[in-house]
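Biologist: Hi! Could you walk me through this model?
Modeller: Happy to, here it is.

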Amino acid sequence: MQYYLMNFATLIGLLTLILIFGVIKPKFLDIDNVFNIMRQASINGLLALGMTFVVLTAGIDLSVGSILGASGIFAALVAQNHALPWFVPVLVGLGIGLLLGSINGIVISFLNVPAFVATLGMLSVARGITYLASDAQPVPGLGDDFLQIGGGNVGIVPIPVFIVAAAFLICYLLLYRIKYGRYVFGVGGNISAAKVSGINVRYIIWSVYMLSGVLAGLAGVVLTSRVSSGLAQAGQNYETDAIAAVVMGGTSLSGGKGRLWGTIVGVMVIAVLNNGLDMLAVSSYWQLIIKGIIIVAAVIVDSVNSSKE
C-alpha cells in the first residue's frame, strides 16, 4: 500500500480534483472544457518535459519562461512576413530556444557557474532581449497557417495536444531507450561515480539545458500562435509551474530519480487546479497561495522520501 501511495499519490490527487470539480461544477467535465484544459496545459507540458531532464541531473532552469518569451517574439516577428511558409518562424523560435539553452549549458557545465545563478542571469538577459526586439509592444498580424499551430484542431483534438504527445515520445525514447538516458540519471544520482565510469558529465549537463531551451522555444511558438500575437511579457512565472509539475510528478530535486509520465500528471494537476478554481471564481491571489502550498508540500514529501532511502 505504501508503495502505491508513494508512486501514484499525484495521480490519485489528480483524479480526486477532477471528481471534486466535476461534482461541484458539472460543466467542468464538458468535452469542450476538457480539451480547453489540455490546450492550456500544453505550454507547461513542454516546459516541464525539458525541466525533468534538468532536474534529473540535480540542476534547475529558472530561465524557461523568459526563453519562451524571447522565442515567441522572434517567431512572431518572422511570422509577420506572410510570404514565408509557417515552418520558418517555428524554426526561428526553436533556434532561439536552442541558442539560449546552449548558453545556459556552457556557463553551467564548462564555466562551473551554479545552475541557479546562471539561469537566473539568463532569465534577466532573455527578458531584456525580448523587450528590445519588440520595443515592449505586441507583435500582431501573424499568418493564418502559423495561427493554426496553437489555435487549430485535428477533429476535436487541439493541435498542441499532438505536439506535446510527440515531444513526450521523443523525451521518452531519449530517457528510457538509449544510453543517453542512463547517463542523465547517472549524473544526477552520483556525479563522482559518473565521472569515474567514463560518462562525459560536462556534455550531458550541457545537453539537458539545450533540450530545455529547445522545448521552451517550442512552447513560445505554440503560445504565440494560440494568442495570435507575440507578447513581450509572455512566459512570466511559467518556470514556477514547470518546476512544480516536475516535483509533483515524483522527480527528486536532488537528482537521479524521477519519471516522465509523472511530470505529465503534475502538469495536469496544475491545469485542472487552475481551470477548476477559475470556474469557482476563486481569486487569482488565492490561486497563487494554493499553488505555493502545493509546491512546498511536494518538496517536503520529496525530502521525506529521500531521507527514508
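Biologist: Is Leu-288 buried or exposed?
Modeller: Leu-288 counts as exposed because its relative accessibility is 58%. Exposed means over 50% relative accessible area, buried means under 20%, and partly exposed is in between (1.4 Å probe, protein chains only). This is a predicted model, where local features need pLDDT of at least 70, side-chain atom pairs count only at pLDDT 80 or more, and totals for chains, interfaces and linings use all residues. Residues are numbered from 1 along each chain as its sequence is written, and side-chain values use heavy atoms, leaving out hydrogens and water.

Biologist: Where is Leu-288 placed?
Modeller: Leu-288 sits in helix α13 (residues 284–308). Helices here are DSSP runs (H or I, at least four residues), numbered from the N terminus.

Biologist: Now Phe-146: buried or exposed?
Modeller: Phe-146 counts as buried because its relative accessibility is 2%. Phe-146 belongs to helix α6 (residues 144–151).

Biologist: Which residues does Phe-146 touch?
Modeller: Leaving out residues up to four places away in sequence, Phe-146 touches Ala-75, Ala-79, Trp-86, Pro-89, Val-90, Val-221, Thr-224 and Ser-225. Contact means heavy atoms within 4.5 Å.

Biologist: Which residues of α6 are buried?
Modeller: In α6, the buried ones are Phe-146, Ile-149 and Gly-150. They line one face of the helix, because the buried residues fall within an arc of 80 degrees seen down the axis of α6. That arc is taken from the directions from the helix axis to the C-beta atoms.

Biologist: Why would residues a few places apart point the same way?
Modeller: An α-helix has 3.6 residues a turn, so residues three or four places apart point the same way.

Biologist: And which residues are exposed on the other side of α6?
Modeller: Those are Asp-144 and Asp-145. The buried residues of α6 pack against α2, α3, α4, α7 (159–176) and α10.

Biologist: Switching to α5, how many residues does that helix have?
Modeller: Helix α5 (residues 115–134) has 20 residues. From first C-alpha to last, α5 reaches 28 Å, close to the 28 Å expected at 1.5 Å a residue. The expected span is 1.5 Å times one less than the number of residues.

Biologist: Which residues of α5 are buried?
Modeller: They are Ala-115, Ala-118, Thr-119, Met-122, Ala-126, Arg-127, Thr-130 and Ser-134. These lie on the same side of α5, because they cover an arc of only 165 degrees around the axis. Their packing partners are α3 (64–79), α4 (87–109) and α10 (201–227).

Biologist: At what angle do α3 and α5 pack?
Modeller: The angle is about 20 degrees, and the axes are 8 Å apart. That makes α3 roughly parallel to α5. Angles under 35 degrees count as roughly parallel, over 145 as roughly antiparallel, 65 to 115 as roughly perpendicular and the rest as oblique. Axes are lines fitted to C-alpha atoms, for helices over the stretch in contact, and angles run from 0 to 180 degrees between N-to-C directions.

Biologist: How do α2 and α12 cross?
Modeller: The axes of α2 (residues 31–56) and α12 (residues 260–279) come within 8 Å and cross at roughly 140 degrees. That makes α2 oblique to α12.

Note on methods
Helices (H or I, at least four residues) and strands (E, at least two) are DSSP runs, numbered from the N terminus.
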